[in-house]
Amino acid sequence: MKKFIRCGTLFTGLEDKAKKDQTIVVEDGLITYVGPTSKAPKPNGGEVIDHSKWFVMPGMTDFHTHLAYGNAKCEEDIDIYAPVEFRALRGMFMAQRVLLAGVTSICNPGDAARVTLSIRDAINAGLFEGPRITTSGPYVTSRQGLTDWYPTWIGQPETSIGHVVRSPDEAIEEIRCQVKDGVDVIKIAMDGDMALQPNGVSRYNGLVAAFNQEELDRMVTETHRLGKRAITHARGKESTMYSARAGVDIIFHASHLDNECIDAILAANLVICPTLTLLVNNYEFSQPTDGAAGAWSDYCRVEAEAAFEGLSKAHKAGVPMVAGTDTGFAITPYGEWHAKELEIYVKYLGMTPAEAIRTATVNPAPFLSDGERLGAIAVGRHADILALDGNPLQDISQLLDKSRFKQILLGGEPITVSTHDIDTRQVSEFSYAMWGDIYTQQRVAELSNSIRSIAAE
Ligand SMILES: [Zn+2]
């Protein structure tokens, strides 16, 4: 049956301004008319959905969400203890939380085994309701790269989110395997020297990339030859430059980019997914009792400040951006902070709210599976639509407030998923850290007042 959605205010994503009194007509999940209600076809018995009091816009995309991570508190939670089968079931639950936040599409860049690939296929097969998913397999990484966290004498577990390759030939082989398994994109870890120190702090060195230019060129060429997109994790300048020169499709982070990087990115026509929410949440939210407090959150603030400066310049120079949050960590839980990325773009990168919304709608669409039918409210596209109480073009932060969402439509159908509280100890937190302190006599004496007051309760 045809659906006629009456929109009080409509932001299609394709224009800078919203329009009043518009109608969207949907047939078989696809939009067949968008325009003034006065000129719209008559319902003639079709279903009328009345959003004449609300602001209507395209469903959002979070281009950087990791369904396999499980709101992890540490890399061990991500890589080691939970079987990948459990992670897939947990990820399905979490994907629904993401959808409930108005995020109708995600890209999952970096996965354990085939966890998100299976969630994607289960949703596409109609087994479960969930967002549209574009996914990579495990990061392709080197002995110098991100996701090879553990000492060489431990190595990288098979259940890790990364796959270490020891030569360009092994990298090509891994890319071919992942494409055969059905991934949509290839994620390459380009930041080097990311091994965690025993104190949990990365000795991240932004200068040395994980792969050299020649190695990356070969991986990107093979990825493109197989018809897939190549995306890199690159915070450092060198990894960003190599990514631009190799002609990857999207660079994640690019926190330390300078004018030379911006020129190379513009010349190669690339897109950046800044992913600032993870950095900002770390220094805004970490409590003194968190391992991430102190050195790590200080580091996040320094990186964020560099990124605000460089990415503002890149935005001014015309580098397109797509919004992503690195959702999946305990500091960026599912369904919570997706729209914060847009708030950060407005606050720190100088974007207008309309530009920020486009980073989560129109801009990412070409990089998603079936993307030509996503990202905007336009004829021929999927009716992935949000109706909300407010106007995020006036206050972008409204998109963080889930209570404002009056309806979320996926392919023209109102979503029916709901969520409920969970015991996180049974869902993640499987690593063996049992105490947050060392209970020497001196420490116990220092703590005695608070311990006693707890005991007295
Ligand atoms: Zn990530």
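**Figure 1. Surface and overall build of the predicted protein chain.** The protein chain exposes about 19900 Å², of which carbon and sulfur atoms supply 51%, the areas coming from the Shrake-Rupley method with a 1.4 Å probe. This is a predicted model, in which local features need pLDDT of at least 70 and side-chain atom pairs count only at pLDDT 80 or more, whereas totals for chains, interfaces and linings use all residues. Residues are numbered from 1 along each chain as its sequence is written, and side-chain values use heavy atoms, with hydrogens and water left out. Buried residues, meaning those under 20% relative accessible area with a 1.4 Å probe and protein chains only, make up 56% of the 457 residues.

Figure 2. Seven strands form an open sheet with mixed pairing, in the order E3-E2-E1-E4-E14-E15-E16; strands are DSSP runs of E with at least two residues, helices are runs of H or I with at least four, and both are numbered from the N terminus. Two strands pair if DSSP finds at least two bridges between them, and the edge strands E3 (30-36) and E16 (413-414) each pair on one side only. Strand E2 (residues 19-27) pairs with E3 in the antiparallel sense over six bridges, and the bridge partner of Ile24 in E3 is Val34.

**Figure 3. Helix H6 and its surroundings.** Helix H6 (residues 237-246) is mostly covered, with seven of its 10 residues buried, among them Met241 and Tyr242. These buried residues pack against helix H5 (213-225), strand E11 (229-234), strand E12 (250-253) and helix H7 (259-267), contact meaning heavy atoms within 4.5 Å. Gly247, which follows H6, has a positive phi near 75°.

Technical notes. Buried means under 20% relative accessible area, exposed over 50%, partly exposed in between (1.4 Å probe, protein chains only).
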